[in-house]
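Let us walk through this model step by step, looking at how its parts pack against one another. Please keep the sequence and the structure in view while reading.

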Amino acid sequence: MSEHVPATAGTAVAPGPAASGDSPAPVDVDDLPGGLPAALEAILMVAESPVPAERLAAAVARPTAEVHAALAALAEEYQGADGARPRGFELRRGAEGWRIYSHRDLTDVVARFVLEGQSSRLSQAALETLAVVAYRQPVTRGQVSAVRGVNVDGVVRTLLARNLVAEVGQDPTTGAVLFGTTGEFLDRMGWTSLDELPPLAPHLPGVEALGGLEGLGID
């Protein structure tokens, strides 16, 4: 996998007492078990996308520089710094922020688990969805659904698990996640770039013509 599997929480997080309205009461992270590092870990374990250090700093009410230092220390700890046991996950900083992923050296075993019981061949629905993403990327789930005429959430999850598509950004107007194909997709097709796609794009509806569908709740 070129993008490693993000870690996710196994249980729901119970909200703390609210000071007023919907905002949780301020908490001094030093009073919590594990202090600042544990607080950052807890947030990252439930994050569905990379989190900027500035947002983490606001959540724990600490200076951004201090949060950066704590995140860097955690990343080194997970890698086995100072004789510690290397973890099965790693903390990585990317363009969009920080996120916990399964360790890149364990990709094979993770892939075996994720794909266990799945057919080695993609279904017709998956192939059609992959084709839409390939020709019209970057594209949202809603735009793919509009082209195919059906909900594609489950199929997109399958393609993500197979590392054939990946999240590549957010639509600037709606905030919806944008998807594109991966290097793994090119490798499977035996191509070096998307320029080698067969000229089928003119036969698919233009994504630009689907903008009016955003307001219909498709995304």
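In this predicted model, the largest nonpolar core has 20 residues, and those that touch the most other members are Leu 40, Leu 44, Leu 56, Val 60, Val 67, Leu 71 and Leu 91. Two or more residues of this core come from each of helix H1 (35-46), helix H2 (53-60), helix H3 (64-78) and strand S4 (97-102), and H3 gives the largest share, with 6 residues.

We can now turn to the way helices pack. Two packed helices are described by the angle between their axes and by the distance between those axes. For H2 and H3, the angle is about 105° and the axes are 9 Å apart; an angle from 65 to 115 degrees counts as roughly perpendicular, and H2 and H3 are therefore roughly perpendicular to each other. On the H2 side the contact is made by Ala 53, Glu 54, Leu 56, Ala 57 and Val 60, while H3 contributes Thr 64, Val 67, His 68 and Leu 71. Sorted by class, the residues of this contact are 6 nonpolar, 2 polar and 1 charged.

A further pair is formed by helix H5 (residues 124-136) and helix H7 (residues 153-161), whose axes come within 9 Å and cross at roughly 80°, which makes H5 roughly perpendicular to H7. Here Ala 125, Ala 126, Thr 129 and Leu 130 of H5 meet Val 155, Val 156 and Leu 159 of H7, so that the contact has 6 nonpolar residues, 1 polar residue and no charged ones.

Finally, how many aromatic pairs does a search of the whole structure find? The search finds 2. In one, the ring centres of Tyr 78 and Phe 89 are 4.8 Å apart and the ring planes stand at 75°, so the pair is edge-to-face. Because Tyr 78 lies in helix H3 and Phe 89 in strand S3 (residues 89-94), this pair ties together parts that are 11 residues apart in sequence. Tyr 78 is buried, with a relative accessible area of 1%, whereas Phe 89, at 29% relative accessibility, counts as partly exposed. In the other pair, the rings of Phe 185 and Trp 191 have centres 6.0 Å apart and planes at 80°, so this pair is edge-to-face, and both Phe 185 and Trp 191 are buried.

Key: Residues numbered from 1 in each chain as written. Predicted model: local features only at pLDDT ≥ 70, side-chain atom pairs only at ≥ 80, totals over all residues. Heavy atoms only, no water. Axes fitted to C-alpha atoms, helices over the stretch in contact; angles between N-to-C directions. Helix = DSSP H or I, 4+ residues; strand = E, 2+ residues; numbered from the N terminus. Parallel < 35°, antiparallel > 145°, perpendicular 65-115°, else oblique. Contact = heavy atoms within 4.5 Å. Core = buried A, V, L, I, M, F, W, Y, C linked by side-chain atoms within 4.5 Å. Buried < 20%, exposed > 50% of the residue type's maximum accessible area, 1.4 Å probe, protein only. Phe/Tyr/Trp six-rings, centres within 6.5 Å; stacked < 30°, edge-to-face > 60°.
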